[in-house]
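This briefing concerns aromatic contacts. Please consult the sequence and the structure shown below while reading.

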Amino acid sequence: MIIAGVGLTVLLVLVVGIAVARMVDGDSTNYLVAGRQLGVPLVAVALTTAAVDSNATIGNTDLSAGLGFWAGASLALGLAVCLLLAGIFLAEPMNRMGLMTLADFFARRYTRRVEIIAGVLMVVSFTVLLAGNLVALGFLLEHFADVPYELGVIVAVALILAYTVGGGLFSDVYTAVIQAVITVGATVALFVWVASEHGISVPDGAGPFDLGQLTDPAQGAAINWATLVSLGIGDLVAIDFMQRIFGARSPEAARRACFVGAGVTAAVGVAWSLIALTGAAELGLTAEGGPVVYKLLDGGAPALLAVLVLSGVVAASFSTGSGAVLATSAVTVRNVAGLKRAVAPGHKDPLLRWVRFAMLPVAVCAAILAVRVSQTGILLTLAFDLMLACLIAPFVLGLFWRRSTTAGALVGIGVGLVVRLAFLVLTPTLYGVPNDLLYIDNDLVGAGFDGWATLLAGAVGIGVFVAVSLCSRSLEEEERDLRFLDHRAEAGAAELVPDPLPPEGVPVGGT
């Protein structure tokens, strides 16, 4: 019954996603930014479902049950802070610029080289994000349908592609309405059931008001702050969030939608953390051997509730996965490969065609990573760890600080990347779990550096960007110097030109 109910949800999403694909009408602007015609409700729903994914639900509950409220809730709260900051500072100016992808900003503000480098980093980051959502779906099929985990990941990515390839952002946004209703409804229903069956309780020292989780490194304070900072600030360089902001019909609509999304994301995240803490306190549930929520549902939950909750997990993962694969493919084709929108009369839009083709390799890479690193919340945070260290300064300061320079962007990105990858290779744990990704055994760095690696790499990347920008010339200054040199050259050439001859019949030197 459970799998049949979840299957109906998937079928509904597929039908709606495919049905609205006709709205694309062969135009890449419709495909990538929904024709820039989305109102506040649709943008708000799309932003919410992008934030409330399997990482902020399944990953949240696994971390909360094992490490405390702030370890898990920081995932959703960090994303809520990101949307809040985007609404206050970024939504209006970014919507007003009329961009197709976030990487377009780096091309417009800096140079083609910065555009390519930023685009590559965004592609890597969001492939990691997509992988995190595939992990949750793979575990779901393994736990409830006895489907091997690896096969479950393949099935999940195939279903996401099935409707995203056709309709792009239109399919993503309109299916998000269904997904939001299911996800919010599942959250409320699960919270009410847990509260009525067990009461809301938390293990000693693990609750939301046990602030040692934010002040004591021994209780994971550095890791929790790293999560909040990487998601709250690093996630501002989120190509799927920005894709939805670009699709809003006006700057004001984009701004208001961010605020709605922030509020709903925070509420849903806190609810899932409290559910996990209750499961840990009352039933002794841990993430060992499978997600906490799946075990909670197996422990006597009504079948209808299980169907609703699992449908909510699937809906949340589908929405974020769809947005991630769309935005990543768009950046790959438009900004890394350099294919712009240029439609000749009587010909199909080449950008639209190649973005669709690019979705397959992006999905394959994400599936491989999901099989290699079967963690949800960790993959989400790692994705924006890279954004914090490399791109947040060139993006945010580049938008508001006229002194930002191309040299600053290139050096800041490079140094931030090297420092973060070095810490990733040397630190034995990632956000409290064993580093199975790139760790090399060493005696230089211990587990106590976990969390600090994120904060320090971010500080270094930002600091280097500012320092190099202050010591280098901006594009405006370079262009002004070039204009001055051109003017001098023209003036010098004019001095070398002989005076024109006098009119015929007038002696040279005569009057």
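The model is predicted. Across the whole structure, a search identifies 12 aromatic pairs. A pair of aromatic rings is described by the distance of the centres and the angle of the planes.

**Phe126 and Phe384**

- The ring centres of Phe126 and Phe384 are 5.5 Å apart and the planes stand at 85°, so this pair is edge-to-face; the cut-off for that class is over 60 degrees.
- Phe126 belongs to helix 7 (residues 112-145), while Phe384 belongs to helix 16 (residues 377-390), so the contact ties together parts lying 258 residues apart in sequence.
- Both Phe126 and Phe384 are buried.

**Trp354 and Phe357**

- With ring centres 5.3 Å apart and planes at 75°, Trp354 and Phe357 also form an edge-to-face pair.
- Trp354 and Phe357 are separated by about one helical turn, because they are three residues apart in helix 15 (residues 350-372).

**Aromatic cluster and charge over a ring**

- One aromatic cluster is formed by Phe105, Phe106, Tyr110 and Phe395.
- Tyr110, a member of this cluster, has Arg109 over the face of its ring, at 5.2 Å from the ring centre.

Key: Residues numbered from 1 in each chain as written. Predicted model: local features only at pLDDT ≥ 70, side-chain atom pairs only at ≥ 80, totals over all residues. Heavy atoms only, no water. Phe/Tyr/Trp six-rings, centres within 6.5 Å; stacked < 30°, edge-to-face > 60°. Helix = DSSP H or I, 4+ residues; strand = E, 2+ residues; numbered from the N terminus. Buried < 20%, exposed > 50% of the residue type's maximum accessible area, 1.4 Å probe, protein only. Lys NZ or Arg CZ within 6 Å of the ring centre and 35° of its normal.
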